[in-house]
Amino acid sequence: MESTGAPPAPGRRRPVPAGRPPARRFVLPPWLDGPMTSCQLVLGAAGMLLAIGLVMVFSASAIEAALDDQPAWRPGVEQVVFAVLGLGAALVAVRLPVRFIRRWATLGLVVAAVLLVLVLVPGIGLRLNGSRAWIDLGFTTFQPSETAKLVFALWGAHVLATRERFLTVRTLLVPLLPVFAALSFLLYREPDFGGIVSLGLVLVGLLWAGGLPLRWFACFAVAGAALLAVMVAGASYRLERVTSFLDPFADPSNAGFQAIRGFYALATGGLWGVGLGNSAMKWNLLPEAESDYIFAIIGEELGFLGCLVVVALYGVLAWAGFRIARRSADRFVQLACVAITVWLVGQAALNMGYVVGLLPVTGLTLPLVSAGGTSLVLTLFIVGLLIRFARSEPEAVEHLRRTDRGRLSRWVLPVPERAVAPLHPRRPRRPERAGRGAGHPGPDGGPPAPRAAGSGARTVARVVPVPPGERVPRERPAARERRTPDGRGRVPEARRQPPPRARASAPEQPRRPR
């Protein structure tokens, strides 16, 4: 058959040549493409990571606590207490309206910056492991840098969503880069290099979701590498980290001690592991085994399969976060989801990367798994935000409205009012008082009573009586109703706008910056 060269009609499939099987498009199963799939994936992945983390913190910290003449169960119970507090924070995050988050994001950023300044003051900031990054609260320690990362992500998403209609490269970079530089300088003064790296992940997520061209990311990578070289050359301990990463066996008793012990833990575990609780490196042989190097203890006790499960759960969490951003109709939710997901998954990748020897040691913890009070509570709050954003998907809102739920479920997990929450909702008009407004009869049942002067009413038109025999003066048209140069008596196309109600109901389409 000869081809006519004409394109196929719209709606018809292109004929498949003989002997070639038709291409099949990958389609997700129905149970993985439902309206509540994003929420279920976040709950499942985060819940399993939290359970694995609690078990491994119990296992990795018991021996060291016993060697320090403390109850062996104390570090694990403290982690459980922080997990309960974090679950309460997650429930609060699920109930937070998006409008409330955006309204207080700027104030939260100011408070986070003040806390980063206070932690540098001697007597207020607590120095641990050579870094003044904690505030002693008496019953626990608080790390302001963790709060600064979350607030920076929410504030940046709010600013970019507000400027979406006139977003350019300049308006995209100017509000974010100066704030990032100021927060990074405060973290550098602690010093907390891992906090700067995490804050950089938040910045990358915001710029990527905002539509920054890829060539700018290449420029930032070159500038970041140059700045990293300057920072490494300016401090001897940073130079030791880089040299131990390149060749940890060159100094096995000092700079490469922790990395080598991590390699031994992973090698001992093999495929199946030595069994839960049977780790040898946790006998005070591997420093920071329950926090920075807990992934090595997972590899030793649960083997390669246990590490693979942890990596897969973080992959599910990443896919769920990007799925929420793709299916959401609110621009703020899209930006916040991408920034939070890049931050969490990127930090997990950096932690696992330096444990296996692919990256230099940065001191970043494994989210939801490593021991730590502030980081665990904050991470669970972030998980609550992701659940809140997942429930605001348009399909999820419609599904929740059609589903019959109990009173407790409605109170704990309320249905969002709408998929796109307005930042400044309109206030309802006050009802007119009887006998006072226009159109209401007077006190004696006669014609409507005129509005009194000074009552706050606005005069719409004033009718002036014209004496007999004179012509009515012709009113001059308003500025927006004057005749235009085209002679048709209407506003040019560039000045015509849809009515406010149509603009409020129409979904905002993301634009790439010019």
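## Cysteines

C337 is buried, at a relative accessible area of 0%. C219 is partly exposed, at 47%. This is a predicted model, and the structure holds 0 disulfides.

## Overall make-up

The protein chain has 514 residues, and buried residues make up 40% of them. Its secondary structure comprises 17 helices and 3 strands.

P394 sits in helix α15, residues 394-402. Its relative accessibility is 33%, so P394 counts as partly exposed.

Helix α8 covers residues 193-210. Its 18 residues should span 26 Å at 1.5 Å a residue, and the end C-alpha atoms are 26 Å apart, so the two values agree. The helix is mostly covered, with 14 of its 18 residues buried.

The peptide bond from E190 to P191 is cis, with omega near -5 degrees. Just after the helix comes G211, with a positive phi of about 95 degrees.

## Helix α11

Helix α11 runs over residues 257-269 and has 13 residues. From first C-alpha to last it reaches 19 Å, close to the expected 18 Å. The buried residues of α11 are Q258, A259, I260, G262, A265 and G269. Helix α12 (294-327) is included in what covers them.

G270 follows α11 and has a positive phi, near 65 degrees.

## Packing of α5 against α14

Two packed helices are described by the angle between their axes and the distance between the axes. For α5 (residues 144-162) and α14 (residues 373-390), the angle is about 20 degrees and the axes are 9 Å apart. Angles under 35 degrees count as roughly parallel, so α5 and α14 are roughly parallel to each other.

On the α5 side, E146, T147, L150 and L154 make the contact. On the α14 side, the residues are T374, S375, L378, F381, I382 and L385. By class, this contact has 6 nonpolar, 3 polar and 1 charged residues.

Which loop holds D69? D69 is in the loop between α1 (37-67) and α2 (74-95). Its phi is positive, about 60 degrees, although D69 is not a glycine. D69 is exposed, with a relative accessible area of 75%.

N284 is also a residue other than glycine with a positive phi, near 60 degrees. N284 is found in the loop between α11 and α12. Is N284 buried or exposed? Exposed means over 50% relative accessible area; at 53% relative accessibility, N284 therefore counts as exposed.

Note on methods: Residues are numbered from 1 along each chain as its sequence is written. This is a predicted model: local features need pLDDT of at least 70, side-chain atom pairs count only at pLDDT 80 or more; totals for chains, interfaces and linings use all residues. Side-chain values use heavy atoms; hydrogens and water are left out. A disulfide is a pair of cysteine sulfur atoms within 2.5 Å. Buried means under 20% relative accessible area, exposed over 50%, partly exposed in between (1.4 Å probe, protein chains only). Helices (H or I, at least four residues) and strands (E, at least two) are DSSP runs, numbered from the N terminus. The expected span of a helix is 1.5 Å times one less than its number of residues. Contact means heavy atoms within 4.5 Å. Axes are lines fitted to C-alpha atoms, for helices over the stretch in contact, and angles run from 0 to 180 degrees between N-to-C directions. Angles under 35 degrees count as roughly parallel, over 145 as roughly antiparallel, 65 to 115 as roughly perpendicular and the rest as oblique. Ala, Val, Leu, Ile, Met, Phe, Trp, Tyr, Cys and Pro count as nonpolar, Asp, Glu, Lys and Arg as charged, and the others, Gly among them, as polar.
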